Amino acid sequence: MRVRRLRRRPAVRLSELGFGGSPGGNLYSAITDEQFASAVDAAWNAGIRHFDTAPHYGLGLSERRLGAALRGRPREEYVVSTKVGRLLVPSPETAGRADPDGFAVAATHRRVWDFSRDGIRRSLDASLHRTGLDRFDIVYLHDPDEHWRQAADVGVPALVELRDEGSVGAVGAGMNRSDPLARFVRETDVDLVMCAGRYTLLDQSAAGDLLPAARERGVDVVIAGVYNSGLLSRDRPPTDATYDYRPADPERVARATRIAVVCERYGVTLPVAALAFVRSDPAVVSTVVGMHNDIEVAETIHRAGSEVPDELWAALRADGLIEAPRP
C-alpha cells in the first residue's frame, strides 16, 4: 500500500486508501463488534494505516470500536483522524428512541454544535477517552456548514493551538460541500481537508473550487463519499440506491447507469472507476472508504488495485457524463 506524507506536515503519513469508521457507528444498519474488528484486521493486513472516525458516528460507538480494534498495534505505525464540532450530551429522556441521524443506535445522547475553543478541547478529550488513544494524528472541524464564521475564526485557531502544542499532528475541516472547504484552504491555516461526495463520477464540483485552491496552497485533500453513499458502489445501480444518504432520484440513477454501461465497454466496473477517478488529482492524498466487514475490505482492496484505461475517461467526457478533466 502506497503511503504519502502531508505536504504541510510531513511527519503525518497516510496510506493512499483509508478506512472509514462510519459503518462502525452502525450507519444505516447495525453490525457487531466482531464484524467491525474483523474489518479493521483485514484492512491492517492489506496495508491500510489510515483510520477515520468521529463522535457523530453512532454517538461515539465508532470511536469506541475503532480504539478497541487498534489496541495493541504499534502506535507509530498508523494514523487516526477524528472530528470536533458536535459535543455528545447525555439525553436520558430520548434513550428509548432511535437515533434520528441515520445510525442504528439508541438516542442516549444528543449532538450539540460547538466550535468554540472550550468545546473543541472538551470534544477531543472525550474522543481520547472513548478510543483509549494517547493522541490523534489528524483532527477535522466536522460539517461547519451553518457555523463557518465561528469555525474559521475560532475553531481553526483552537486546532492550530493544539497542533502547535504537539497534541495533534495536523488539522483541517471535513464537509460535504466544496466551496466552504475552498474558503478554509484559502483563508485559514489548515493542513488538509476532507471532502465527501463532491469529487466523484456524479459530482465534480470540487474540481472547480477546492482542488485548484488546494494545489495552489499546498494543502492536501482526503476524498470521502467516493460512492456518493451507495449509488456508485455496485456494478449496476439498483433503483433503490442512496445518494448523499437519501434515496437517489431516478435521474441520478439513470446517469449512474449510463456511466456503468460505458465502463463495461472498457472492462471496468462502476465502483472501480469511481475509486480510480478520485485518485487522479495530485491534491488528493488519500481516499477514505467505509467498510462494514472483512469481505468489503477485500472487495475494496481489489477495486483499488484494478487497472483503468485512460480511454475510459475520454469516452465518459465525450458522452457528457463527466466534466472535470484529469489534471
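Reader: Happy to look at this with you. What does "buried" mean here, and what is the relative accessible area of R303?
Author: Buried means under 20% relative accessible area. In this predicted model, R303 sits in helix 9 (residues 294-304). R303 counts as buried, because its relative accessible area is 10%.

Reader: Which residues is R303 in contact with, leaving aside its neighbours within four places in sequence?
Author: Good one to follow up, as R303 is buried. With those sequence neighbours left aside, the contacts of R303 are Y227, S233, P271, V272 and L275.

Reader: Is D114 buried or exposed?
Author: D114 belongs to the loop between strand 7 (109-113) and helix 3 (117-131). Not counting residues up to four places away in sequence, D114 touches G85, L87, G119 and R122. Its relative accessible area is 17%, and the cut-off for buried is under 20%, so D114 is buried.

Reader: How far apart in space are D114 and G72?
Author: Along the sequence, D114 and G72 are 42 residues apart. From C-alpha to C-alpha, the distance in space is 33 Å.

Reader: Let's go inside. Which residues touch the most other members of the largest nonpolar core?
Author: That core has 88 residues. Apart from it lies another core of 14 residues, including L6, L14, V79 and L192. In the largest core, the residues that touch the most other members are F19, F51, L141, F184, L201 and W313.

Reader: How are the rings of W44 and Y78 arranged?
Author: The structure holds nine aromatic pairs, so let's take this one. The ring centres of W44 and Y78 are 6.0 Å apart. Their planes stand at 70°, and over 60 counts as edge-to-face, so the pair is edge-to-face.

Reader: Which parts does the pair of W44 and Y78 tie together?
Author: Both W44 and Y78 are buried. The pair ties together parts that are 34 residues apart in sequence. W44 is in helix 1 (residues 33-45), while Y78 is in the loop between helix 2 (61-70) and strand 5 (79-84).

Reader: Which residues form an aromatic cluster with W44, and which lie over its face?
Author: R49 lies over the face of W44, at 3.7 Å from the ring centre. R73 also lies over the face of W44, at 5.0 Å from the ring centre. The cluster consists of W44 with F19, F36, F51 and Y78, and the residues over the face of W44 are R49 and R73.

Reader: Where do helix 4 and helix 5 meet, and what is the handedness of their crossing?
Author: The axes of helix 4 (residues 148-165) and helix 5 (residues 178-187) come within 11 Å and cross at roughly 30°. W148, R149, A151, A152 and V156 in helix 4 meet P180, R183, F184 and E187 in helix 5. The crossing of helix 4 and helix 5 is right-handed.

Reader: What is phi of N26, and what is phi of Y28?
Author: N26 is in the loop between strand 3 (17-20) and helix 1, and Y28 lies in the loop between strand 3 and helix 1 too. N26 counts as buried at 5% relative accessibility, whereas Y28 counts as partly exposed at 43%. Each has a positive phi in a residue other than glycine: near 65° for N26 and near 70° for Y28.

Notes:
Residues are numbered from 1 along each chain as its sequence is written. This is a predicted model: local features need pLDDT of at least 70, side-chain atom pairs count only at pLDDT 80 or more; totals for chains, interfaces and linings use all residues. Side-chain values use heavy atoms; hydrogens and water are left out. A nonpolar core is a set of buried Ala, Val, Leu, Ile, Met, Phe, Trp, Tyr and Cys residues joined through side-chain atoms within 4.5 Å. Buried means under 20% relative accessible area, exposed over 50%, partly exposed in between (1.4 Å probe, protein chains only). Rings of Phe, Tyr and Trp (its six-membered ring) pair if their centres lie within 6.5 Å; planes under 30 degrees apart count as stacked, over 60 as edge-to-face and the rest as tilted. Helices (H or I, at least four residues) and strands (E, at least two) are DSSP runs, numbered from the N terminus. A charge sits over a ring if NZ of Lys or CZ of Arg is within 6 Å of the ring centre and within 35 degrees of the ring normal. Axes are lines fitted to C-alpha atoms, for helices over the stretch in contact, and angles run from 0 to 180 degrees between N-to-C directions. A crossing is left-handed if the near helix is turned anticlockwise from the far one by less than a right angle, and right-handed if clockwise. Contact means heavy atoms within 4.5 Å.
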